[in-house]
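Trainee: Could you walk me through how the helices pack in this one? I'm new to it.
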Amino acid sequence: MGFKHAAILAPVSFFLGVLFICFNVDHRILWGELTEDVVNDSFHFYTTFFNAPPAIKALLHGMVGVGLLGFLAKLHKWDESAVFFDGSSLAVYVFGIVVYLTVTVNSLRTIADPVLEGDAAESREDQIMAVRVLAAGNIIMAGCLGLILFLQAGQEWASRSEAKAIAQWEAEQRKDNAEKKDQ
């Protein structure tokens, strides 16, 4: 595994870890009984997440950038493997970023800092819906990241299988050439 491969796998694994921590709250919101305790726990968790120090947010966004740079570096090679596996992985990664920007950021704002006045005032029901949408978005992003890991593993398997097939073919060619010389 090279640096470019690690530049993809590290951010993807990091974000899967973050989403796994969020899953402790998300699974109760999505598939459990929606009680007041569950809602309050999720509000507290995501409010803490939203109010994290800037260094935490910078780390998260920096890891997004490392992943994008890793994909662009791997795509620079532009062979069949890069087009199929890395191109598909990049598309899934960008989709995950779009879900983050459109769902996660807006839902976190609704949960942690709701609008309380005016025509666009957000009620508690709006906050509960936001936390449910956020939980569903987290599941979608985790699926995207899992797909990226699957595609990268598939690329490595295909590369190794190709190298093995080429080595077998070259061994057969050497054996045939040796037999022809002996005759």
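What follows is a short talk about helix packing and an annotation from a record.

Mentor: This is a predicted model, where local features need pLDDT of at least 70, side-chain atom pairs count only at pLDDT 80 or more, and totals for chains, interfaces and linings use all residues. Residues are numbered from 1 along each chain as its sequence is written, and side-chain values use heavy atoms, with hydrogens and water left out.

Trainee: Okay, at what angle do α3 and α4 pack?

Mentor: Helix α3 and helix α4 (residues 80-112) pack at about 160 degrees with axes 9 Å apart, where helices are DSSP runs of H or I with at least four residues, and axes are lines fitted to C-alpha atoms over the stretch in contact, with angles from 0 to 180 degrees between N-to-C directions. The two are therefore roughly antiparallel, a term for angles over 145 degrees.

Trainee: And which residues of α4 make the contact?

Mentor: Among them are Leu90, Tyr93 and Ile97 of α4, while the α3 side includes Val64 and Phe71; contact means heavy atoms within 4.5 Å.

Trainee: Where do the axes of α1 and α3 come, and at what angle do they cross?

Mentor: The axes of α1 (residues 3-31) and α3 (residues 54-75) come within 8 Å and cross at roughly 145 degrees. Phe14 and Phe15 of α1 are among the contact residues, as are Leu60 and Met63 of α3.

Trainee: Switching topic, which residues does the "transmembrane region" annotation cover?

Mentor: The unreviewed UniProt entry gives residues 6-25, 58-78, 90-108 and 129-151, although such annotations may be inferred rather than shown by experiment. In the model, residues 129-151 are 100% helix, with end C-alpha atoms 33 Å apart, and residues 6-25 are also 100% helix, with ends 29 Å apart.

Definitions and conventions: Angles under 35 degrees count as roughly parallel, over 145 as roughly antiparallel, 65 to 115 as roughly perpendicular and the rest as oblique.
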